[in-house]
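Open the model in a viewer and follow the stops below in order. Each stop names a selection and then says what is there.

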Amino acid sequence: MLTEKDIKQIEDYGLTLNQVYKQLETFVRGISFANVVTTASIGNGILELSEDEKLRLERLYEGKKDALDIVKFVPASGAATRMFQFLHQFLESYNPQKELYREYLKKNRSMDLSTFFDSASDFAFINLVRKKIRENYPDYKKSDKGQRHYYFAKALLDKTGLDFGEMPKGLIPFHKYKKYATTAFEEQLFEAAYYAAVKDDVYLHFTFSENHLAYFKEEFNSIKSRVSRKTKKTFHISYSFQKKETDTIAVTNENRPFRDSNGNLVFRPAGHGALLENLNEVNADIVFIKNIDNVATQEYVEDIGFHKRILAGKLLDLQSRIFGYLRKLDNNVGLVEMKEIQSFIWNELESKDLPQGVSATREFLNRPLRVCGVVKNTGAPGGGPFWVQNEEGATTLQIIEKSQIDLTNKHQNAIINEATHFNPVDLVCGLRDYKGEKFDLNEFTNPDAGFISTKFENGSAIKALELPGLWNGGMANWNTVFVEVPLITFNPVKTVNDLLKKEHRPDA
């Protein structure tokens with residue numbers, strides 16, 4: 001299937017022929033589904049903390065954090081294309097010269113579209129759109145409703161307009177305050193000051209596409225004085241790009257290499273699982289992980305920060321005991337102490353399979369640790385906390401995406417439908433061992449936990465291979481603890497109309 005030209009393209013890309021053949025074999029063979037045993041729930045893998053315990057953990061974190069290296073890690077690589085998907089479809093399918101807007105709306109029954117245009121003045125980017133309309137469409141005010149809506153969408157998404165569909169989501173104006181608008185990028189900085197600050201310094205690491213670097217630098221330069229003035233903190237930004245060599249080949253529905261209009265192979269970023277390499281280069285005691293679009297207006301940030309500090313306190317509490325036990329295991333540990341350690345593993349680390357013997361116990365404890373906030377299930381698409389059995393028969397707590405589960409299996413499907421909690425990507429991670437050395441995170445992943453998804457390339461349906469998700473298979477062999485957190489901590493913007501929710505409207 002591969003020509004000499006293909007082989008040269010693969011090598012120029014930084015991949016090997018063997019890697020590509022393995023990827024093609026994976027498409028043909030498929031990826032085994034996760035074997036979900038049961039959903040995690042309160043008392044069965046998910047902790048529900050009392051108010052006293054929350055305050056204790058917050059005090060613990062506040063007392064220790066200024067002596068630690070702390071980084072907030074924000075995956076921000078994605079363009080905002082899906083955020084405006086229904087508007088892209090509107091531009092492609094609506095001709096204002098041939099059809100009245102009300103007839104189009106009736107035919108397509110798009111509640112998203114009517115909600116968007118009815119609330120257009122409430123969006124933080126409204127003034128930018130109006131400026132583009134004045135520049136590009138002088139007949140706007142004389143036009144009928146359908147034409148005006150069409151011009152509005154073009155000013156927002158067209159390359160001659162704001163081109164928001166191709167901009168990173170982190171740089172789209174999200175929140176409209178009285179004197180200025182803020183992007184998700186700015187809100188991530190502001191929020192970090194409430195839980196990731198070490199004395200007066202806040203360190204954040206963003207991952208994004210290399211072609212967006214100049215935009216992020218420009219945004220940081222324009223907002224840093226405002227955020228520093230409001231929080232009385234100094235912000236230090238580092239960044240990295242999703243590594244090109246983690247990209248995977250795209251194929252057709254027949255599992256043949258997909259080619260572009262020039263006959264070249266198409267390679268795609270392999271999902272957020274590829275960011276494990278980026279996370280592996282972060283050298284810190286504690287790393288907070290949060291998606292770029294999960295922000296709220298500043299009135300909610302103290303509450304959100306409180307729950308982040310609780311998760312970090314829980315991590316430090318567990319870590320202190322784990323490190324103590326590992327030091328004991330380095331010496332001659334007695335039977336009584338081994339029973340104490342096993343009790344800790346059973347009760348605190350929620351292990352269904354206790355390690356046997358000193359060597360196995362040391363290996364079990366000496367892993368990266370993550371404390372994951374989970375929220376009550378609201379029907380949002382995405383992954384959740386489950387008990388999963390691996391091929392060796394061990395049952396562990398994992399974050400599992402629906403795409404990893406065989407939904408045609410009635411039993412597996414029933415378990416998914418019983419899920420009580422959802423994964424909002426609210427992680428606090430310990431990346432150093434008890435000797436202060438950094439773990440190599442590649443040693444704790446499950447390479448077989450990737451998944452195959454359907455994507456679109458220039459209008460054509462293709463199959464894409466995604467590496468084990470960063471917080472799914474990428475962290476499969478970490479020690480994992482789930483803690484229930486309130487819904488206020490979860491405010492993602494998957495579609496532009498999510499910005500109309502009260503958590504994204506300062507005056508709401």
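Start by selecting T207, then show its surroundings: leaving aside neighbours within four places in sequence, T207 is in contact (heavy atoms within 4.5 Å) with F73, V74, P75, A76, S77, S240, L275 and N278. T207 lies in strand 8, residues 201-207; helices (H or I, at least four residues) and strands (E, at least two) are DSSP runs numbered from the N terminus. At 0% relative accessibility, T207 counts as buried, where buried means under 20% relative accessible area, exposed over 50% and partly exposed in between, with a 1.4 Å probe and protein chains only.

Before moving on, note what kind of model this is. It is predicted: local features need pLDDT of at least 70 and side-chain atom pairs count only at pLDDT 80 or more, while totals for chains, interfaces and linings use all residues. Residues are numbered from 1 along each chain as its sequence is written, and side-chain values use heavy atoms, with hydrogens and water left out.

Next, select D426, in strand 17 (residues 426-430). D426 is buried, with a relative accessible area of 3%. What does the side chain of D426 join in a polar contact? The partner is the side chain of K308, at 2.7 Å; a polar contact is a pair of N or O atoms within 3.5 Å, and within protein one must be able to donate a hydrogen and the other to accept it, with residues adjacent in sequence counting only if both atoms are side-chain atoms. Not counting residues up to four places away in sequence, D426 touches I289, K308, L311, V371, C372, G373, V485 and T489.

Now select helix 2, residues 17-29. At 1.5 Å a residue, its 13 residues should span 18 Å, and the end C-alpha atoms are 18 Å apart, which agrees; the expected span is 1.5 Å times one less than the number of residues. Colour V20, Q23, L24, T26 and F27, which are buried in helix 2. They cover an arc of only 155° around the axis, which puts them on the same side of helix 2; the arc is that of the directions from the helix axis to the C-beta atoms. The buried residues of helix 2 pack against helix 1 (4-13), strand 10 (248-249), strand 11 (267-268), strand 18 (451-457) and strand 19 (460-466). Turn to the face of helix 2 away from its buried side to find the exposed residues K22, V28 and R29. Step past the helix to G30, which follows helix 2 and has a positive phi, near 85°.

Go on to helix 15, residues 410-417, where Q412, I415 and I416 are buried. Seen down the axis of helix 15, its buried residues fall within an arc of 100°, so they line one face of the helix. Their cover includes strand 1 (35-39) and strand 14 (384-389). The exposed residues K410, H411 and N417 are on the face of helix 15 turned away from its buried side. At the N-terminal end, select N409, which caps helix 15: a side-chain oxygen lies 2.9 Å from the backbone nitrogen of H411.

Finally, zoom out to the whole chain, with its 15 helices and 20 strands. Of its 508 residues, 55% count as buried. Along its principal axes the C-alpha trace spans about 85 × 60 × 45 Å. Among contacts with a separation of 6 or more, residues 24 or more positions apart account for 76%.
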